[in-house]
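I am opening a notebook on a structure that is new to me. My entries follow the order in which I looked things up.

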Amino acid sequence: MEIEHYFDFLSDDDIRLKGTRIGIETILYAYIHQHHTAEEISQLYPQVSLEQIYATILYYLQHQTQIDQYLTAWLNYCLAAEREQAENPPAIVAHLKQIKADRHLATYG
């Protein structure tokens with residue numbers, strides 16, 4: 001079986017493990033940046049088989065330059081989304097922060 005059969009290539013920036021909603025970035029982030037072993041990753045994501053995890057790692061090793069770009073784009077997207085949410089929180093979050101600030105002010109003057 002070819003390694004690509006383990007994945008659903010939904011678009012250039014969306015590669016998922018076949019039969020799951022988990023993107024390869026999830027597995028590879030745990031492997032590369034959090035230094036988890038394949039076995040540890042399988043405990044974090046029990047819906048993914050150990051075979052799928054090893055296939056993801058192998059696919060990364062075989063296409064490292066391309067997947068490094070994929071991961072960089074994903075991380076940049078996540079950072080931009082985080083900044084956007086921090087700058088423009090949903091109304092409920094802003095309301096809860098205001099309640100917390102009011103309580104703090106009432107307690108500590």
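**Entry 1: surface and overall form**

I began with the surface of this predicted model. The accessible surface of the protein chain is about 7,800 Å². Carbon and sulfur atoms account for 54% of that surface.

Next I asked how many of the residues are buried. I found that 26% of the 109 residues of the protein chain count as buried.

I then looked up the radius of gyration. The protein chain has 19 Å, whereas a compact globule of 109 residues would have one near 13 Å. I also noted the box filled by the C-alpha atoms, which is roughly 65 × 30 × 25 Å along the principal axes.

I turned to the charges. The protein chain has 7 positive and 15 negative charges. Their mean positions lie 14 Å apart.

**Entry 2: elements**

I listed the secondary structure and got five helices and two strands. From the N terminus on, I read the order as β-β-α-α-α-α-α.

I also checked the contacts between residues at least 6 apart in sequence. Of these, 48% join residues at least 24 apart.

**Entry 3: helix α1**

Which residues of α1 are buried? I noted I24, E25, I27, L28 and A30. These buried residues pack against both β1 (7-11) and β2. They also pack against the helices α2 (38-44), α3 and α4.

After α1 comes H35. I found H35 in the loop between α1 and α2. Its phi is near 60 degrees, a positive value in a residue other than glycine. Is H35 buried or exposed? Its relative accessibility is 63%, so I wrote it down as exposed.

I stepped back to I22, which sits in the loop between β2 and α1. I22 has a relative accessible area of 10%, so I count it as buried.

What is I22 in contact with, leaving aside its neighbours within four places in sequence? I listed I15, R16, L17, I27, Y45, Q47 and V48. For Q47 I also looked up the C-alpha distance to I22. The two are 25 residues apart in sequence and 9.1 Å apart in space.

**Entry 4: helix α4**

Helix α4 covers residues 64-87, which makes 24 residues. I asked what length to expect. At 1.5 Å a residue, α4 should span 34 Å, and its end C-alpha atoms are 34 Å apart, so the two values agree.

In α4 I found I67, Y70 and L71 buried. The buried residues of α4 pack against β2 (14-17), α1 (24-33) and α3 (50-62).

**Entry 5: helix α5**

Helix α5 runs over residues 91-108 and has 18 residues. From its first C-alpha to its last, α5 reaches 26 Å, close to the 26 Å expected at 1.5 Å a residue.

How many of the residues of α5 are buried? The number is zero, so I noted α5 as lying largely in the open.

I picked out K100, which is found in helix α5. K100 has 65% relative accessibility, so it counts as exposed. I then took the distance from K100 to V48. They are 52 residues apart along the chain, and their C-alpha atoms are separated by 40 Å.

Definitions and conventions: Residues numbered from 1 in each chain as written. Predicted model: local features only at pLDDT ≥ 70, side-chain atom pairs only at ≥ 80, totals over all residues. Heavy atoms only, no water. Helix = DSSP H or I, 4+ residues; strand = E, 2+ residues; numbered from the N terminus. Rg over C-alpha atoms; globule rule 2.2 N^0.38 Å. Buried < 20%, exposed > 50% of the residue type's maximum accessible area, 1.4 Å probe, protein only. Contact = heavy atoms within 4.5 Å. Areas by Shrake-Rupley, 256 points an atom, 1.4 Å probe, with all protein chains shown as cover. Lys, Arg positive; Asp, Glu negative; His and termini not counted. Charge placed at Lys NZ, Arg CZ, Asp CG, Glu CD. Expected span 1.5 Å × (residues − 1).
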